[in-house]
Amino acid sequence: MESTKSKPRDATGSDLSEQIKAATKDIHVRAENTQLMLNYQKGQITQTQYKLLLCSLYEIYRALEEELDRNTDHPAVQPIYFPQELARLESLELDLEHFFGPHWRKRVTVPAATHRYTQRLREIGKNSPDLLVAHAYTRYLGDLSGGQVLGKITQKSLGLSGNKGVLFFSFPGVTSPNRFKQLYRSRMNSIELTEQQRWEVLDEATRAFEFNIEVFDDLQKMLSITGEASSDKGNDAATKTESKTFSSSPVLQFALGVGITLATVGMGVYAF
């Protein structure tokens, strides 16, 4: 995936958080207007969609958080390392257990796009840890911004009660999202980067949005092929049929290969 973003004239003239916002402005608008994003905001999400999303998010956050843990002492990672407040992996594991049962790990299906994204995270975690800043910022602050809204949309759409199945959207370690986001931006802006390193972080943030747009569109295509977009939202009979179709349908398996990484989950990312 090649970025089309041109190098800024001066990558050191303002705060990194503001530069990311400016660098991703146009692609941000594109991401907001994908069909899948618009459907999610309307509450048009099925249980199959959501379960597929959780599977991908689990693999993505496992890669991201393992790489952050591995690089916690790196000078670019240490300032924005907040595992107690932000880590999503445990919540995703509980959500997956809610839908798939105690043996959920055996039922996680991960499409090609998820592999591509996790491979990228592993690559930069090993070779360029400073680029993890771009992914952590867009993902965590996006989820934190849109978590409550998206959680309520998901609950209503799927008929869920309490926090069961939607723990991913909750941040119990953050008492004030707005104050925490200010702290996070301040810590990120304090990271010392050369002009070249800063440009590379900006480019990586754009790449993260590009990943998102591609998988949003591909998931929508998959749903159109299978007819899932108009299916029942998850009664008992549909759930039983769904687990069988999920593993055996050649059409669905083909479409899954195209990818569904729904990175940063819905419009949450676009509120940071």
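Visitor: Which helix gives the most to the lining of the largest pocket?

Guide: Please note at the outset that this is a predicted model. As to the general idea, rolling a probe the size of a water molecule over the atoms shows where empty space is left. Here, α8 contributes the most to the lining of the largest pocket, namely eight residues. The lining comprises 16 residues, and those nearest the centre of the pocket are Gly147, Gln148, Phe169, Ser170 and Phe171. The space within the largest pocket is about 300 Å³.

Visitor: Which residues touch the most other members of the largest nonpolar core?

Guide: The general idea is that in soluble globular proteins, nonpolar side chains tend to be buried together. In this model the largest nonpolar core has 60 residues, and Tyr50 and Tyr184 touch the most other members. At least two core residues come from each of α1 (16–23), α4 (47–70), α6 (89–100), α7 (112–127), α8 (132–158), α9 (177–189) and α10 (195–226).

Visitor: With which residues is Tyr184 in contact, leaving aside its neighbours within four places in sequence?

Guide: Tyr184 is in contact with Ile80, Phe82, Leu86, Ala136, Tyr137 and Leu141. Let us follow one of these partners, Ile80. Ile80 sits in the loop between α4 and α5 (83–86).

Visitor: Is Ile80 buried or exposed?

Guide: The cut-off for buried is under 20% relative accessible area. Ile80 has a value of 3% and is therefore buried. When residues up to four places away in sequence are not counted, Ile80 touches Leu68, Val133, Ala136, Tyr184, Arg187, Met188 and Ile191. Ile80 and Arg185 are 105 residues apart along the chain, and their C-alpha atoms are separated by 8.6 Å.

Visitor: How many salt bridges are counted?

Guide: The criterion is a side-chain nitrogen of Lys or Arg within 4 Å of a carboxyl oxygen of Asp or Glu. By this rule there are seven salt bridges. In one of them, the side chains of Glu66 and Arg122 meet with an N to O distance of 2.8 Å. Glu66 belongs to helix α4 and Arg122 to helix α7, so this pair ties together parts that are 56 residues apart in sequence. Glu66 is partly exposed at 32% relative accessibility, and Arg122 is partly exposed at 28%.

Visitor: Where do Arg70 and Glu67 lie?

Guide: Both lie in helix α4, three residues apart, which is about one turn of the helix. Arg70 is exposed, with a relative accessible area of 56%, whereas Glu67 is buried, with 2%.

Visitor: What of the pair Glu123 and Arg120, and how far apart are the closest N and O atoms?

Guide: They are 3.3 Å apart in this salt bridge. Glu123 and Arg120 both lie in helix α7, three residues apart. Glu123 is partly exposed, with a relative accessible area of 41%, and Arg120 is buried, with 11%. Through salt bridges that share partners, Glu66, Glu67, Arg70 and Arg122 are joined into one network.

How values were computed: Residues are numbered from 1 along each chain as its sequence is written. This is a predicted model: local features need pLDDT of at least 70, side-chain atom pairs count only at pLDDT 80 or more; totals for chains, interfaces and linings use all residues. Side-chain values use heavy atoms; hydrogens and water are left out. A nonpolar core is a set of buried Ala, Val, Leu, Ile, Met, Phe, Trp, Tyr and Cys residues joined through side-chain atoms within 4.5 Å. Buried means under 20% relative accessible area, exposed over 50%, partly exposed in between (1.4 Å probe, protein chains only). Helices (H or I, at least four residues) and strands (E, at least two) are DSSP runs, numbered from the N terminus. Contact means heavy atoms within 4.5 Å. On a 1 Å grid over the protein atoms alone, a cavity is a set of points where a 1.4 Å probe fits but cannot get out, and a pocket is an open set with protein on both sides within 12 Å along at least five of seven lines; lining residues have an atom within 4 Å of a point. Grid points are joined across faces, edges and corners, and a volume is the space filled by probe spheres set on the points.
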